[in-house]
Amino acid sequence: MQKTALICGVSGQDGAYLAQLLLSKGYKVFGTSRDEQTSSFSNLHTLGIRDQVETCSVALNDFRSILHALTKTEPDEIYNLAGQTSVGLSFEMPMETFESNMQATLNILEAIRFTQRPIRFFNPASSECFGNTNGIPATENTPFNPRSPYAVAKAAAYWQTANYREAYGLHACSGILFNHESPLRPKRFVTQKIVAAAIEISQGKREGLELGNISIERDWGWAPEYVEAMHAILQQDQADDYIIATGKSHTLEAFLEAIFASLDLDWKKYVTQNPRFFRPSDLESSRADPSKLANIVGWNAKFDMKDVAKMMVQHAQK
């Protein structure tokens with residue numbers, strides 16, 4: 001029988017790639033937006049799947065709105081990929097960040113419990129929840145130590161998901177996502193800023209680029225394959241939580257070098273650090289051990305940071 005999926009936040013990077021994946025697997029896909037009539041769904045158009053995704057307006061901070069969407073779409077699976085996702089912006093908008101991540105997750109879980117239907121739920125947790133792990137790769141058993149409003153919200157949503165799984169028997173899972181990029185990543189993210197600036201510099205349209213702390217270390221992966229992990233996690237008979245990452249971390253300086261090198265440029269000639277771009281608190285090092293996902297689900301990342309950098313530049317030059 002054909003499965004039905006409801007993707008909250010279908011217009012975002014992960015939502016759009018997940019919709020594309022599920023359509024290729026024969027799913028009927030519904031996608032939500034705060035206002036379906038005014039949303040451009042530009043990422044769905046970019047991927048050429050806008051006419052295959054049925055969209056509806058849902059206010060995730062309103063329990064009744066979510067309940068109405070579940071009644072209308074009757075999904076087998078729900079992926080909550082909506083919410084404010086920028087760590088930097090969360091320092092400026094902590095209340096909106098918490099509400100759009102934690103409260104929305106709670107509303108969806110409670111709506112699933114209320115309907116009493118066997119809906120499988122995926123919650124996107126974040127590597128930011130771990131905070132600094134002192135260079136030790138995080139596992140699913142590593143304690144959380146959030147250091148931003150975004151991380152606090154994501155940690156709360158993670159524990160809500162775990163609680164509904166344990167207390168109410170919901171098939172609810174969290175994927176603890178480490179950094180993952182693509183051409184669909186919003187322009188405000190540092191990876192996209194670097195790609196855009198490097199290309200403009202190579203074209204003689206720009207002289208330099210100012211950034212904050214470039215010594216931070218992150219595990220960067222490729223978003224189109226991370227949604228494959230999300231789907232695979234929900235197909236397991238036993239609901240559980242998994243880290244989704246490449247298992248290889250690099251500094252932002254190394255990412256800079258890879259981007260500029262792909263354009264035959266030396267980043268050191270063009271990039272300067274500006275203290276005003278430093279965050280109030282930040283993670284120096286973010287490392288992951290995704291072996292549980294590999295051993296139980298059978299998913300391994302195919303692309304690492306250098307692959308990601310190359311593909312992002314290639315796409316931006318089209």
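Mentor: Happy to, and keep in mind that this is a predicted model. Let's begin with Phe 41, which sits in the loop between strand S2 (28–33) and helix H2 (42–46).

Trainee: Okay, is Phe 41 buried or exposed?

Mentor: Phe 41 counts as buried, because its relative accessibility is 1% and the cut-off for buried is under 20%.

Trainee: Let's switch to the inside. Which residues touch the most other members of the largest nonpolar core?

Mentor: Those are Tyr 79 and Ile 244, in a core of 45 residues. Several elements give two or more residues to this core, including strand S1 (4–8), strand S6 (171–177) and strand S11 (242–244).

Trainee: Which element gives the largest share?

Mentor: Helix H8 does, with eight residues.

Trainee: Back to Ile 244. What does it touch?

Mentor: Leaving out residues up to four places away in sequence, its contacts include Phe 122, Leu 177, Tyr 226, Met 230 and Trp 299.

Trainee: How far is Leu 177 from Ile 244?

Mentor: They are 67 residues apart in sequence, yet 4.9 Å apart in space, C-alpha to C-alpha. Leu 177 belongs to strand S6, and it counts as buried at 7% relative accessibility. Beyond its close sequence neighbours, up to four places away, Leu 177 also touches Asp 14, Pro 124 and Met 230, among others.

Trainee: New topic: how do helices H5 and H6 cross?

Mentor: The axes of H5 (residues 94–115) and H6 (residues 149–168) come within 8 Å and cross at roughly 10 degrees. That makes H5 roughly parallel to H6, because angles under 35 degrees count that way.

Trainee: What kinds of residues make up that contact?

Mentor: The contact of H5 with H6 has 13 nonpolar, five polar and three charged residues. Among them are Phe 98, Leu 106 and Arg 113 in H5, and Tyr 150, Lys 154 and Tyr 164 in H6.

How values were computed
Residues numbered from 1 in each chain as written. Predicted model: local features only at pLDDT ≥ 70, side-chain atom pairs only at ≥ 80, totals over all residues. Heavy atoms only, no water. Axes fitted to C-alpha atoms, helices over the stretch in contact; angles between N-to-C directions. Helix = DSSP H or I, 4+ residues; strand = E, 2+ residues; numbered from the N terminus. Parallel < 35°, antiparallel > 145°, perpendicular 65-115°, else oblique. Contact = heavy atoms within 4.5 Å. Nonpolar A, V, L, I, M, F, W, Y, C, P; charged D, E, K, R; others polar. Core = buried A, V, L, I, M, F, W, Y, C linked by side-chain atoms within 4.5 Å. Buried < 20%, exposed > 50% of the residue type's maximum accessible area, 1.4 Å probe, protein only.
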